[in-house]
Amino acid sequence: GLELRRFLRSCGRPGRASLRVCSAKAAEGLLRRLADAGFSVSPTPWCSDGFFVESAAGAQAPVTLGRCLPHLTGEVYGQEVTSMLPVTVLQAALAATNLKPHTVLDLCAAPGSKTTQLGALVQAAGGVILANEANSERASVLRANVLRAGLHNCLLLGLDGRAIGDLAPDAFDVVLVDAPCSGEGTIRKDPAAWDRWAQPDHDRQLESRVELQWGLLQSGWNALRPGGILMYSTCTLNGHENELQCRRLLREEPTARSVRELGLPEFQTSEGFIRVWPQGMDTEGFFVACFQKVSHPADGTVGNAGQSATTATTATTTTTTTTTTTTAGGDQEHQELLSCEGLQGLRRLEPGEAESVRQAVEKELGYWPDSLNTNKNKNKNKNKNKNKNKNKNNNDNNDNNNNTQSLAENDQGQVWLLALDPCPQSLRRLAEKATKPGLLVASRDDGGCWSASDELLLLAGQRASSAKAASMRGEDWAGLHALAGGGVGALSLSMGLAASRGDAEAAEQLLRDMSSWRLTPDVVSYNTLLKAHAERADAQKASQVLREMDRLHLEPNVISFTTLVEAHAKAKDLPGALRVVSEMLERGLEPNKVTRNAVLRAHVEAGDVAGAERLVAEQQQQRLEPDLVSYTLLMDAFARTGDAGGAQRAFDDLLGQGLSPNLVSYTALMQAHAKAGDPMSAARVWTELRASGLQPSLVSYTTLIGAHAKAGDVASSELLLEQLLQQRLAPSLVTYTALLAGYARRRDATGARRLLGSLREQRLMPDLVCFNGLLK
């Protein structure tokens, strides 16, 4: 029917990129800085910290969220908008049940999008989150993402999630089970997701997956305390992995009741679950259910819902044992924690030592987390508590978790901030199995001096005010993320940043670093190295990288060959580019739109205007739909020869295809008219550019300045230069050289010398072309 057609059309559309602001780390003016980086953002329908993101109108090239500084420093997290649903729904459920989340479990946490969203919520409340990931490689990525998001209240576990309920029964205020699933809702980014339906063993795989999900759901339920909330979510569409699992929980667990006050009634089913279909909000598909564990199944009451699991545990313990061993800040309990397996070898710092670490680190980084206090502060709190009623139950866990986190040193001179200190008895067995005790804060050198750790710098991001942090580039932050465990993906990103500026040596070194860190470079890594050589127009070395991929049995893909075509194009080697396409076809790879545009660029760079025009015409005849890039490249080809008529025809074809010209398109048309010596037509295009809502770039200004100057209209050129400066754009040497040519034509030596003075004020060094203009 109609709904099915809407669903299929929606699944066929490209996914919408989105981000979430990391509230634990974001600084003022973030949205403005994203706009300055070339992004346009718009609110998501359910998460106040979530935004859809795309390249801003008029951006000269698409911008990548993963390479922008706010992402690399942890102010934003690239996250699917539907992936933000579980925590958004949780916030509504917490408000409805008056529950304070002090202890939270994320049972299936990697790579960390929901963990970091949960962690920010819990850290603001002074609580702690235990994030579990059984796969060691994914667990390393999880840790790196948690650090980059600015979270220090996260303890990482590497267990089979099905065992946690037995290790920590009734221990958590909130449990998230974001279960492994078939991923049918992610078809926009993974078209193969639906192919699994056609696999011969589909039914067996589904049955196995459903049982795994049920085991995780049971474990999470056992770990949840009475009054606590469990969130169950998947990114799949079928009922076996969604509603049937939830009905089974309600049927087999008498203490389970469905929470319906989830704040999104328009997406709620009759059973109270949240279902988002791709056609509903032009997003991925997703499922969320929320349950509360009741204390008294007969009447559905939950007892003291607002009391945290930590508080409940402390209160129960203090009625059955002496306060000497169970007081939340007691020395004996702290020492017992440090004797646990996994924490052995750690020595708690004395108050004076802890304070000296803080001072040294803060002096080096210009940063110390606001909610972290050393033992000095902790002992102050403990002394104050001695004067209070000793028999009073400790109901101030929020403050204790926030203010008494402790520093401990191992025998390598590393100082750790313990994520779970003091540790409730209910979490002791999990704390023993933590992969690391918390955040590595500092290390002691041979001279006994403290130096801040890279982990803390990554956690701080640009909140660190040190000269080192201020001088760090995007690839430096990406490198920190890789060192923290970000894996091949993080190193490939760092390589990509080096490649974007043509630093092939740095990209090659990062590739070698992967091997030294026992990581295996993948096709993406080698494609990134190809890109670095392509940026330098070094087709020979790019070809060597492709042969190296063959030697390592890493099969080059369409991106690999397309990048090699781009390398030949930039080297003005049209025959080489065409040979690469032939080899690509021989390997059974079909050129895509990007490949065809790379070949078109090779014709343009080689000066083969006729070949470029013929290629676009062939694409039109074959219904391959030339895009905005194709027509803009063709306009550029005509512009280089001063063929304004040809450029105008390509521009008209662009409009005829229903495409909207961008800044590069308008500028190419201006350049064609300028090259043809027609400043009036160039000015007309300028007016159309402004009327479209686009803002001229430095290249646009320089083009029109040069057009007027070439015609001897220096006054118009000077007016444009003044406007350029008012727009806070920095004129380039090319800009001044173009205007200087106008003075040369008028034989105005005074004006030329005045302009030379302005050039020096901009700290630009005249080149040979400038001096030739002065001599004229």
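Which backbone nitrogen does the side chain of Glu 133 reach? That of Ala 110, at 3.4 Å. A polar contact here is a pair of N or O atoms within 3.5 Å; within protein, one must be able to donate a hydrogen and the other to accept it, and residues adjacent in sequence count only if both atoms are side-chain atoms.

Quick ground rules, everyone. This is a predicted model, where local features need pLDDT of at least 70 and side-chain atom pairs count only at pLDDT 80 or more, while totals for chains, interfaces and linings use all residues. Residues are numbered from 1 along each chain as its sequence is written, and side-chain values use heavy atoms, with hydrogens and water left out.

Okay, the overall picture. We've got 36 helices and 17 strands; helices (H or I, at least four residues) and strands (E, at least two) are DSSP runs, numbered from the N terminus. Of the 776 residues in the protein, 54% are buried. Buried means under 20% relative accessible area, exposed over 50%, and partly exposed in between, with a 1.4 Å probe and protein chains only. Now contacts, meaning heavy atoms within 4.5 Å: among those between residues at least 6 apart in sequence, 70% join residues at least 24 apart.

UniProt, in an unreviewed entry, lists it under "binding site", along with residues including Ala 109, Ala 110, Lys 114 and Asp 160. UniProt positions are in the numbering used here, feature names are shortened, and annotations may be inferred rather than shown by experiment. Glu 133 sits in the loop between strand E6 (128-132) and helix H6 (136-148), and with a relative accessible area of 10% it's buried. Leaving aside neighbours within four places in sequence, its contacts include Ala 109, Arg 138, Leu 157 and Leu 159.

Ala 109, also in that record's list, is in the loop between strand E5 (103-106) and helix H5 (113-124). Buried or exposed, would you say? Ala 109 is buried, because its relative accessible area is 6%. Among its contacts, again skipping neighbours within four places, are Thr 115, Ala 131 and Glu 133.

Follow H6 along and you meet helix H20 (residues 474-500): the two axes come within 5 Å and cross at roughly 140°. So H6 counts as oblique to H20. Under 35 degrees is roughly parallel, over 145 roughly antiparallel, 65 to 115 roughly perpendicular, and the rest oblique. On the H6 side the residues involved include Val 141, Ala 144 and Leu 147, and they meet His 481, Ala 484, Gly 485 and Gly 486 in H20.

Now the sheets. One is open, with four strands in the order E2-E3-E1-E4 and antiparallel pairing. Strands pair if DSSP finds at least two bridges between them. The edges are E2 (39-43) and E4 (76-78), each pairing on one side only, and the twist averages 35° from one strand to the next. E2 and E3 (residues 50-55) share five bridges, with Val 41 partnered by Val 53. Strand E1 (residues 18-21) has three bridges to E3 and three to E4. Keep an eye on Arg 20: it stands opposite Gly 50 in E3, and its bridge partner in E4 is Tyr 77. Both faces of E1 are covered, with Ser 18 and Arg 20 buried on one side, Leu 19 and Val 21 on the other.

The other open sheet runs E13-E14-E15-E16-E17, antiparallel again. Strands E13 (347-348) and E17 (450-452) have a single partner strand each, so one side of each is left without a neighbour in the sheet. Helix H14 (residues 351-365) packs on this sheet, touching E13, E14, E15 (414-418), E16 (438-444) and E17, and its direction makes about 50° with that of E17.

For residues 627-661, the end C-alpha atoms lie 11 Å apart, and the span is 74% helix and 0% strand. Gln 762 is in the loop between helix H35 (749-761) and helix H36 (768-775), partly exposed at 33%. Not counting residues up to four places away, Gln 762 touches Leu 725, Pro 731 and Tyr 736.

Methods
Axes are lines fitted to C-alpha atoms, for helices over the stretch in contact, and angles run from 0 to 180 degrees between N-to-C directions.
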